[in-house]
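Me: I am new to this structure and should like to understand the reasoning behind its description. Please take the points one at a time.

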Amino acid sequence: MPTRWKRIPVTQDPELAEALHRVASYYPGVAPARLVRDLAIKGADAVEQERRRCDDALEQLVAFSTERRELIDWDVLEQIDELAWGE
């Protein structure tokens with residue numbers, strides 16, 4: 001079908017064929033090319049969400065390790081070498 005958009009050739013290797021087969025029942029009647037397009041868009045969204053979750057988790061870890069909270073006895077932590085090694 002003619003289109004003004006640039007086409008991207010994709011080889012239907014065994015991995016892609018298996019992936020399309022696994023999700024075909026969720027998209028009855030959808031042509032493979034359309035399914036590849038839809039899955040690529042959903043995959044891009046999923047990658048962005050995963051990256052945001054990782055970034056958020058890292059920020060929380062940094063905050064936990066640098067902010068003073070009641071969970072950690074900071075006075076003991078500041079003296080850990082003395083308490084552990086008697087130095």
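Me: How do you know that the span of helix α2 agrees with its number of residues?

Reply: In this predicted model, helix α2 covers residues 32–66, which is 35 residues. At 1.5 Å a residue, the helix should span 51 Å. The C-alpha atoms at its ends are 50 Å apart, so the two values agree.

Me: Which residues of α2 are called buried, and what makes a residue count as such?

Reply: A residue counts as buried when its relative accessible area is under 20%. In α2, the buried residues are Leu35, Asp38 and Ala63. Their cover includes α1, residues 14–23.

Me: How many of the residues in the protein chain are buried by that criterion?

Reply: Of its 87 residues, 7% count as buried. The protein chain exposes about 8300 Å², and carbon and sulfur atoms supply 56% of that area.

Me: What is the pattern of helices and strands along the sequence?

Reply: The protein chain has 4 helices and 0 strands, and the pattern reads α-α-α-α.

Me: Why is the protein chain called more spread out than a compact globule?

Reply: For 87 residues the globule rule gives 12 Å. The radius of gyration of the protein chain is 26 Å, well over that value, and therefore the chain is more spread out than a compact globule. Along its principal axes, the C-alpha trace spans about 75 × 30 × 20 Å.

Terms used. Residues are numbered from 1 along each chain as its sequence is written. This is a predicted model: local features need pLDDT of at least 70, side-chain atom pairs count only at pLDDT 80 or more; totals for chains, interfaces and linings use all residues. Side-chain values use heavy atoms; hydrogens and water are left out. Helices (H or I, at least four residues) and strands (E, at least two) are DSSP runs, numbered from the N terminus. The expected span of a helix is 1.5 Å times one less than its number of residues. Buried means under 20% relative accessible area, exposed over 50%, partly exposed in between (1.4 Å probe, protein chains only). Contact means heavy atoms within 4.5 Å. The radius of gyration is taken over C-alpha atoms; the globule rule is 2.2 Å times the number of residues to the power 0.38. Accessible areas come from the Shrake-Rupley method with a 1.4 Å probe; for residues, only the protein chains shown count as cover.
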